[in-house]
Each structure stands twice: as structure tokens, then as C-alpha cells.
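Let's take a walk through this protein together, with the model open beside you.

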Amino acid sequence: MALFPTHFVTVSVLGLVLAWGVSGQLSSTFYSSSCPTLESMVRLEMTQAINREARLGASILRLFFHDCFVNGCDGSILLDDTGTFVGEKNALPNQNSVRGFEVIDSIKTRVEAACNGTVSCADILALASRDGAVLLGAQTWTVLLGRRDARTASQTDANNQIPAPTSSLSTLISMFSNKGLSARDMTALSGSHTIGQARCTVFRTRIYNDTNIDASFATTRRANCPSTGGDGNLAPLDVQTPTQFDNAYYQNLVAQRGLLHSDQELFNNGSQDALVRSYGQNNALFASDFAAAMIRMGNISPLTGTNGEIRRNCRRIN
């Protein structure tokens, strides 16, 4: 497999602005004067990270999703707990599973050395998530920039606002709708599960109790995920091409080989069945929709102007 099959078709930011009202406060050229080498620095660090471990592309993408869904794309997920502060890292959807923080730290260190006190951790995470996906085969998109960093975080909100792997289709549609994202956006963004791994504890019920699952697939997964114990044992979210960003995830759903209950809910005699089939048959359609949905997700409630701050260390407020 070619590890870096970058696709050069981009999504028109202007078209998205006109069609979906993307906030004019974010701009693709926000750092063009203050930190002109920003994107090349992020790409270099992400290339090195992916070369070390391809899974990090999925890990960083998940960090961005979990950041944006909890009070907006504000870098709050990056904050460490302290003696007087409880952040989001140990919320139930994140505990023992979110990873890749050291990659963001490395990028921040490089960026600070070149452009001191200029670029937010929230924007670094947005760029890194794009680059990680593209380096594994996703179609590229233009990241809108200008977010500032939150000075607080909420474990309670993280527990309540991030969809669970046991979610029903109606719950998924509702939770994405609450963030201004459509059912189509939700189905496209779920395609991020074409890369990455999941822990036994989040798919055990699926492989032992669900009936809408391919029998041989369930048997294979049970071999490394016992009914008790082995909670941290990993399995690929996409059994076909686990480190290639493609449309095989949707083909798996049609074959009832979705690893998570929430994955298979997208293809279970419901409203998203036809779209799942379309994505499974047309990678270009999926790639385009995913890129557009990532831009929309990246525009969830950003802090701009004088709100928030530009953190010097992504793990703690200034």
C-alpha cells in the first residue's frame, strides 16, 4: 500500500462560505503574514508522526472531533487536569483512548520557535487533523484559521456531548444536528472510521449481542476480545484497509462488518442506507463530502477576536 497517496482535489472555501454561511471570522489566510510557514511546519511534523505510526492520523482526527463537539473547536481537549482544574481528557469518551497529544506538543514547539505567541493550539489541531487524514489518502481541504484557545474545559460537557459507540441512528442524527451538522455530514464524518483502532470494551456488546453482524466477522473479532477481560485489546475499525483513508468502511457496513454498534446503525434499514451504498460505490463522492463536512465541523463555535487566548503550551492556560 502506498502510504501517502495524497489527492490534490480541494474543496472550494468560497463555495462553502456561500452555501453554508461559514463564519467570516475564520480565514484560510489568517496567518499568511504573521506565520507564513505554519502549514509547512505542521505538515512536516505530521509526516514524521505518520511515518512512525500510521494510527496517529486517526488519533489526531479523533482529537479534533472530540474537541469540536465539546463547546466548539477551541483546543479545550488538550488541557491537562491540575489540582484545581478538571478537564476533558478523563471524561468517559476520552479516558484511556484519546491519544496523540505529544504530536500536538511537537508541532506547537516548532511553531512557537518560528512564530512566538501567534498560532493557537486549536488551529494547530485543525491543521494536523487535515494533514494526518491526507497523508493516509484523504482528499485535501482548505482549513479555515483564526480560532483562539479556550481558558477552560468541561468534563461534564465531554461526557454529554460526544456520541457514544452504542448510539442509535436517531441519537447520532440528533447529536450532530445539535452542532449544526446534517445527517449527511454525520454519515460522511463517520467515514473517518476508515482508519484507526477501537478497544474491545467499546465493541464487545456489538460482537456478542448484536444480530445484524456478519457471523465470520464476529467470530474473528471475538478471538481478540473475550466476553470478559481484555478491555484494551485493539481491532481495526476498517477490517479491509485499516491505514488507508478510503471508502472501504462503507463497504464493510453493507456487508454487516461495522465494528461499532454506532457504525452499523448507519446501514440497518434506516434513512442513511442509500447514502452508505453510494459512498461504498463511489469513493470520489465520499471524499468530497467528507472534506466539506470537515470544514463545517471545524466551524463549530470557534473563539475569535479577543475571546480566549493563544496558549504557549497546549496543555495549560497561560
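A disulfide here is a pair of cysteine sulfur atoms within 2.5 Å, and the sulfur atoms of cysteine 68 and cysteine 73 are 2.0 Å apart. Both cysteine 68 and cysteine 73 are buried, where buried means under 20% relative accessible area, exposed over 50%, and partly exposed in between, using a 1.4 Å probe and protein chains only.

Before going on, a word about what you are looking at. This is a predicted model, in which local features need pLDDT of at least 70 and side-chain atom pairs count only at pLDDT 80 or more, while totals for chains, interfaces and linings use all residues. Residues are numbered from 1 along each chain as its sequence is written, and side-chain values use heavy atoms, with hydrogens and water left out.

How many disulfides are there by this rule? The count is 4. Numbered in sequence order, the bonded cysteines of the protein pair as 1-4, 2-3, 5-8, 6-7.

Next, find cysteine 35 and cysteine 115, which form a disulfide with their sulfur atoms 2.1 Å apart. Cysteine 35 sits in the loop between helix 1 (13–20) and helix 2 (38–52), and cysteine 115 in the loop between helix 4 (101–114) and helix 5 (121–135), so the pair ties together parts that are 80 residues apart in sequence. Helices (H or I, at least four residues) and strands (E, at least two) are DSSP runs, numbered from the N terminus. The S-S torsion of cysteine 35 and cysteine 115 is about 75°, so this disulfide is right-handed. Cysteine 35 counts as buried at 1% relative accessibility, and cysteine 115 counts as buried at 7%.

Further along, a disulfide joins cysteine 200 to cysteine 225, with an S to S distance of 1.9 Å. Cysteine 200 belongs to helix 9 (residues 200–209) and cysteine 225 to the loop between helix 10 (215–222) and strand 2 (234–236), so the pair ties together parts that are 25 residues apart in sequence.

Now for the interior. A nonpolar core is a set of buried Ala, Val, Leu, Ile, Met, Phe, Trp, Tyr and Cys residues joined through side-chain atoms within 4.5 Å. The largest one has 73 residues, and those with the most contacts inside it include Leu38, Ile104 and Phe245. Helix 5 gives the largest share of this core, 8 residues. A second, separate core of 12 residues includes Cys200, Ile207, Cys225 and Leu259.

Which of its residues are buried? They are Phe217, Ala218 and Arg221. Seen down the axis of helix 10, the buried residues fall within an arc of 100°, so they line one face of the helix; the arc is that of the directions from the helix axis to the C-beta atoms. These buried residues pack against helix 9 and strand 2, whereas Ala215 and Thr219, on the other side of helix 10, are exposed.

Finally, return to helix 5, where you will find arginine 130. Is arginine 130 buried or exposed? Arginine 130 is buried, with a relative accessible area of 6%. Leaving out residues up to four places away in sequence, arginine 130 touches Glu39, Arg43, Thr140, Trp141, Thr142 and Val143, contact meaning heavy atoms within 4.5 Å.
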